[in-house]
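Come along and check each entry against the view.

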Amino acid sequence: MHARPLALLLPFACAACALPSLDVQPRYASLSIEGQAGFTSGGTGAAADLEEAGLDDDEAVGGRLDFKFGLPHLVVLAQSPRFEGDGTLDVTISDGTNTITAGSDVASEVDLETYDAVLLFDLVPGDTIEVGLGFGLAYLDMALLFEEDGTGTTVSSDQAAPIPLLAAGASVWIGPVQVTAFAGGMQYDIDDDEVGYLDFAAFARWKLFGGSHRVRASLVGGYRMTDLDIEYDDDASVVDVDLTIQGPYVGLEVSL
């Protein structure tokens with residue numbers, strides 16, 4: 001006698017379980033940069049050590065957005081640090097028009113905006129533990145600049161490109177704390193361009209108030225590392241970049 005009313009209610013119960021949810025997570029990060037970047041033209045030039053070139057750490061604002069609407073789970077990451085400083089080139093760099101020789105004092109700048117958008121599909125769905133695999137796209141906007149002190153000679157490059165991604169994510173609740181990890185990357189060669197990209201982030205969020213899933217505010221603390229190894233033609237020169245940007249961050253997440 002009770003089976004029919006329960007059967008009528010079942011679709012509405014399932015629909016409620018599948019209601020979309022949104023997590024918005026602004027972050028404040030303290031980031032360091034290490035590696036090499038350089039310009040070569042006509043056999044002249046090499047990749048300069050970024051520490052010797054004087055790049056300082058940067059404090060940057062970034063964020064993460066999670067949108068769940070059933071089986072797929074959309075993850076969006078954004079970060080736009082700018083590293084600047086004064087140092088000395090340990091190698092000669094040349095863009096085919098301008099050349100700055102090794103030992104020159106320079107003002108250096110590296111901007112690297114990264115935006116990841118990934119669809120994750122749950123392999124282990126659940127309230128306590130989630131594991132997912134997926135795919136997506138990263139968009140990189142990178143600017144490099146070295147300006148020689150005194151002469152004002154400048155060697156620079158500005159490049160933007162999309163990069164396909166394979167990604168994985170996992171999370172687990174331990175009492176009021178959820179620990180989450182994300183990794184996305186790809187390595188490939190197209191024509192004369194070589195691209196290697198890895199973005200990894202792990203964080204814990206402490207629920208301040210609200211429910212476990214909806215209308216919740218949480219304090220976030222984590223660590224992010226972005227590794228980029230790319231070589232491409234830029235007009236008359238070849239730009240070679242091999243760098244790592246990493247550091248801790250804190251934030252506040254609002255879940256709806």
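Predicted model: local features only at pLDDT ≥ 70, side-chain atom pairs only at ≥ 80, totals over all residues.

**Entry 1: sorting residues into classes.** Before describing any lining, I wrote down the classes: Ala, Val, Leu, Ile, Met, Phe, Trp, Tyr, Cys and Pro count as nonpolar, Asp, Glu, Lys and Arg count as charged, and the others, Gly among them, count as polar. With that in hand I turned to the largest cavity, whose lining has four nonpolar, three polar and two charged residues.

Entry 2: I looked up the confidence and found that the chain averages a pLDDT of 90, with 91% of the residues scoring at least 70. Then I checked residues 1–17, where the pLDDT is below 50. Beyond near neighbours in sequence, I found one contact in the model for that stretch.

**Entry 3: the cavity.** How many cavities of 30 Å³ or more does the structure hold? I found one. I noted about 40 Å³ of space in the largest cavity. Its lining is made up of R27, A29, A60, V61, G62, G63, Q79, R224 and Y249. I then asked which elements give two or more residues to this lining, and the list came back as β1 (21–41) and β3 (58–68). Which element gives the most? I noted β3, with four residues.

**Entry 4: the second largest pocket.** I moved on to the second largest pocket and wrote down a volume of about 230 Å³. I found 14 residues in its lining, and Q159, A161, D193, V195 and I230 lie nearest its centre. Two or more lining residues come from each of β9 (129–148), β10 (154–174), β11 (177–190), β12 (193–210) and β13 (216–234). Of the elements, β10 gives the most, with five residues. I sorted this lining by class too, and it has 12 nonpolar, one polar and one charged residues.

**Entry 5: aromatic pairs.** I searched for aromatic pairs and the structure holds three. I started with F39 and F146: their ring centres are 6.4 Å apart and their planes stand at 90°, so I logged the pair as edge-to-face. This pair links distant parts of the chain, with F39 in strand β1 and F146 in strand β9, 107 residues apart. Are these two buried or exposed? I found F39 buried, and F146 buried as well.

Next I looked at F67 and F69, an aromatic pair that is tilted, with 5.1 Å centre to centre and 35° between the planes. I wrote F67 down as partly exposed because its relative accessibility is 31%. F69 also went down as partly exposed, with a relative accessible area of 36%.

**Entry 6: L31.** I picked L31 in strand β1. Why does L31 count as buried? I noted its relative accessibility of 2%, and the cut-off for buried is under 20%. I listed what L31 touches, leaving out residues up to four places away in sequence: D57, D58, A60, Q79, P81, F83, I245, Q246 and G247.

**Entry 7: two loop residues.** I visited G43, in the loop between β1 and β2 (44–49). G43 counts as exposed because its relative accessibility is 74%. From G43 to G103 I noted 60 residues in sequence and 19 Å in space, C-alpha to C-alpha.

Then I went to D235, in the loop between β13 and β14 (237–255). D235 has a positive phi of about 60° although it is not a glycine. I put D235 down as exposed because its relative accessibility is 80%.

**Entry 8: K207.** My last stop was K207 in strand β12. I marked K207 as partly exposed, since its relative accessible area is 29%. I then compared positions with D192: K207 and D192 are 15 residues apart along the chain, and their C-alpha atoms are separated by 48 Å.

Methods: Residues numbered from 1 in each chain as written. Heavy atoms only, no water. 1 Å grid on protein atoms, 1.4 Å probe; cavity = no way out; pocket = protein on both sides within 12 Å on 5 of 7 lines; lining within 4 Å. Points joined across faces, edges and corners; volume = space filled by probe spheres on them. pLDDT = per-residue confidence, 0-100. Contact = heavy atoms within 4.5 Å. Buried < 20%, exposed > 50% of the residue type's maximum accessible area, 1.4 Å probe, protein only. Phe/Tyr/Trp six-rings, centres within 6.5 Å; stacked < 30°, edge-to-face > 60°.
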